[in-house]
Amino acid sequence: AYVFERFPTFTQTFCVREVTELRRLGLRPLVFSIRDTRDEALEDHFPRELIETVHFLPPKDELVSMVKAWKDKDELPQEAVLTLRHWSDAPDKNRVYEAIYVGWKMAEAGVAHGHSHFAGVGARCCYWIKQFYGFGYSFTGHANDLFEPTAFEVGLDQLMSAASLVVTVSDYTASWLRERYPKCSRKVKRVYNGLDLTPFEEAAKRRESDRDNLIVSVGRLIEKKGFDDLIRACAIVGEEGSMRFRCVVVGEGPLEPELQALADELGVHDELELAGAQSQKEIVSLLSQARVFALPCVTEQGGGKDNLPTVIMEAMAASLPCVSTCLAGVPEMVVDGET
């Protein structure tokens with residue numbers, strides 16, 4: 001069983017590919033989405049027939065009523081009853097109700113192992129499924145779910161200890177986890193994310209030889225992406241006056257006003273465009289016109305940082321030179337002087 005917080009989302013397209021591949025091989029994974037996302041628009045590259053197989057959990061009130069009815073009929077595992085009684089109104093109690101429901105459905109289907117991408121809502125749900133039903137679970141840790149986890153009753157140390165397997169997406173985070181959780185070190189395995197590279201390879205084929213000096217970057221407008229450094233770099237190139245260029249940053253986020261103000265202050269508002277959110281099709285079109293891709297990742301004040309940015313993989317698949325920083329798993333893709 002796959003247990004997602006939200007299904008689908010742009011950041012989970014690599015997880016979707018795993019499920020799709022399993023189905024192609026004749027396996028039928030159960031897919032649970034804790035949040036109901038059926039009213040959200042799907043990207044064109046998403047396999048629409050897959051959404052019909054996803055089991056969306058009931059709304060919170062309905063879910064609580066359902067679990068209480070099972071409890072009144074004495075149909076719940078004793079551990080689940082005791083946990084509900086002990087939990088009272090403490091934070092993250094929703095994970096307990098969700099685990100009871102998902103575990104019940106897994107038992108009905110004869111499935112005894114769950115996997116969650118991200119060490120967050122889905123992984124904590126899987127933790128409680130194990131406590132209540134004895135089913136094993138594993139999870140994939142990505143970036144801030146490891147580097148800057150939110151404090152909950154079930155922390156990363158407990159998730160690691162109870163899991164049968166801990167997957168992470170770079171050698172950097174595999175070493176990071178082994179050092180911090182030595183008792184769980186043998187459980188940690190590195191598995192790089194997989195992507196459908198076809199659209200980006202097509203972008204490389206469409207690139208014209210007389211292209212403009214277009215710099216492209218993609219990401220949420222948040223601290224760890226380092227876009228303020230990119231704007232400052234553009235200002236330096238502009239001051240040198242040795243070449244004309246244009247820089248387009250695709251994405252939206254809370255730092256947009258601050259970044260636009262910086263661009264205005266440094267006098268690069270004509271060369272730099274904060275283009276907002278765009279579809280994958282629009283991003284592929286930009287990559288086909290670009291001369292270089294830049295993502296100056298940094299570590300946030302709270303410790304958050306990127307690990308293995310998907311957008312760098314996509315830009316490399318589009319045969320673009322990539323400029324980034326020696327942070328986390330980035331050097332496993334962007335090898336200086338080689339790739």
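**Helix α12 and its cover**

I began with what covers the buried residues of α12, and found that the cover includes α11 (227–240) and β10 (272–276). Contact here means heavy atoms within 4.5 Å. Helices (H or I, at least four residues) and strands (E, at least two) are DSSP runs, numbered from the N terminus.

This is a predicted model: local features need pLDDT of at least 70, side-chain atom pairs count only at pLDDT 80 or more, and totals for chains, interfaces and linings use all residues. Residues are numbered from 1 along each chain as its sequence is written, and side-chain values use heavy atoms, with hydrogens and water left out.

Which residues of α12 are buried? I listed Leu 259, Leu 262 and Ala 263 for this helix, residues 256–266. Buried means under 20% relative accessible area, exposed over 50%, partly exposed in between (1.4 Å probe, protein chains only).

Why do they line one face of the helix? Seen down the axis of α12, the buried residues fall within an arc of 100 degrees, so they share one face. The arc is that of the directions from the helix axis to the C-beta atoms. An α-helix has 3.6 residues a turn, so residues three or four places apart point the same way.

I then checked the face turned away from the buried side: it carries the exposed residues Pro 257, Glu 258 and Glu 265. Just after α12, Gly 267 takes a positive phi of about 75 degrees.

**Aromatic pairs**

I searched the whole structure and got nine aromatic pairs. Rings of Phe, Tyr and Trp (its six-membered ring) pair if their centres lie within 6.5 Å; planes under 30 degrees apart count as stacked, over 60 as edge-to-face and the rest as tilted.

Tyr 2 and Phe 4 are stacked, because their ring centres are 5.9 Å apart and their planes at 20 degrees. Tyr 2 is buried at 11% relative accessibility. Phe 4 is buried at 0%. Ring pairs link Tyr 2, Phe 4 and Phe 7 into a cluster.

Trp 70 and Tyr 101 are also stacked, at 6.3 Å centre to centre and 15 degrees between the planes. This pair links distant parts of the chain, 31 residues apart: Trp 70 is in helix α3 (residues 60–72), Tyr 101 in helix α5 (residues 94–109). Trp 70 is buried at 10% relative accessibility, and Tyr 101 is buried at 6%.

**Charges over rings**

A charge sits over a ring if NZ of Lys or CZ of Arg is within 6 Å of the ring centre and within 35 degrees of the ring normal. I found Arg 124 over the face of Phe 152, 3.7 Å from the ring centre. The charged end of Lys 305 sits over the ring of Phe 147, 4.9 Å from its centre.
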